[in-house]
Amino acid sequence: MNNEEPPRRSLSVRARLLSVTGLAVVASLLVWHGQVADFLGFDSPGDKAPVIGGAGAPDTRLPRADGDVPSTPVSTPAVTPKPKPTKPPKKKPKPTKSPSTSDNGAYDEESTEGMSPKLRSRLLKAMAAAKADGATLRINSGRRSAAKQRRLLDEAIVKYGSYKAAVRWVLPPEFSEHVKGRAVDITPAAGAKWLELNGYRYGICRRYDNEPWHFEALTTPGRKCPPREPYALAE
Ligand SMILES: [Zn+2]
């Protein structure tokens, strides 16, 4: 029993000595290695790590992160197409406004459109007879809208200086035979002269002294026309 103990002590002491010397050797080697490394200019692993990290991974990862961010806005445009279907219904009411022209009285003034049946039928017969006689009759102004007549009167008031003077040439809409479709202005002057001389055969007469172009259906076809009036009266 006594013999066994000393060897254990000696071994433990030797082990301790070896461990201490081993640590000293390792420490000295580490110090020496560090000095050699500094002398040779090697960078320590701690210095290299930040350089590698800053140059490589962060640059490539940041753009990818930015690229992922736009992916979320892409989802928002998909939501916008939904309000678009609400726009087509707004286009539907537009075409319904066009038929209102008949109420406004937009007539083809240089035709028989809108004329009374009596004046129209008589005028067509007269124009056919004039053509056969070598004369030219054209409709300069037939049926007018009330708005057009008002506009003509406003222009005449400016031209002649007063309402009283203007109505001798352009009657107010409520008095105008053009607005009623019962008057026609003929052009050119030679054609109007032909109608003045021959219109009675078709019941068409010149009405005013100051308007050689203005005609109305004032008599029975074949009968003499009534005496002319000096100018139009708003009454
Ligand atoms: Zn007229």
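Okay, before anything else: the expected span of a helix is 1.5 Å times one less than its number of residues. Keep that in mind, and remember that this is a predicted model.

Now look at helix H7, residues 146-160. It has 15 residues and runs 21 Å from its first C-alpha to its last, close to the 21 Å expected. Which residues of H7 are buried? They're Gln 149, Leu 153 and Ala 156. Looking down the axis of H7, its buried residues sit within an arc of 60 degrees, so they line one face of the helix. What do they pack against? That would be helix H8, residues 163-166.

On to salt bridges. Searching the whole structure turns up 12 of them. One joins Lys 148 and Glu 109, with the closest N and O atoms 2.5 Å apart. Those two are 39 residues apart: Lys 148 is in H7, while Glu 109 is in the loop between helices H5 and H6. Is Glu 109 buried or exposed? Its relative accessible area is 15%, and buried means under 20%, so Glu 109 is buried. Lys 148, at 22%, is partly exposed.

Another salt bridge pairs Asp 185 with Arg 144, at 3.0 Å from N to O. Asp 185 lies in strand S2 and Arg 144 in the loop between strand S1 and H7, so this pair ties together parts 41 residues apart in sequence. Asp 185 is buried at 6% relative accessibility, and Arg 144 is buried too, at 10%.

Last stop, the surface: Tyr 160, Trp 169 and Trp 213 make a nonpolar patch there, with about 280 Å² of accessible area together.

Key
Residues are numbered from 1 along each chain as its sequence is written. This is a predicted model: local features need pLDDT of at least 70, side-chain atom pairs count only at pLDDT 80 or more; totals for chains, interfaces and linings use all residues. Side-chain values use heavy atoms; hydrogens and water are left out. Helices (H or I, at least four residues) and strands (E, at least two) are DSSP runs, numbered from the N terminus. Buried means under 20% relative accessible area, exposed over 50%, partly exposed in between (1.4 Å probe, protein chains only). The arc is that of the directions from the helix axis to the C-beta atoms. Contact means heavy atoms within 4.5 Å. Patches are made of residues with over 30% relative accessible area and no salt bridge: like charges are joined within 9 Å, nonpolar side chains (Val, Leu, Ile, Met, Phe, Trp, Tyr) within 5 Å. Accessible areas come from the Shrake-Rupley method with a 1.4 Å probe; for residues, only the protein chains shown count as cover. A salt bridge is a side-chain nitrogen of Lys or Arg within 4 Å of a carboxyl oxygen of Asp or Glu.
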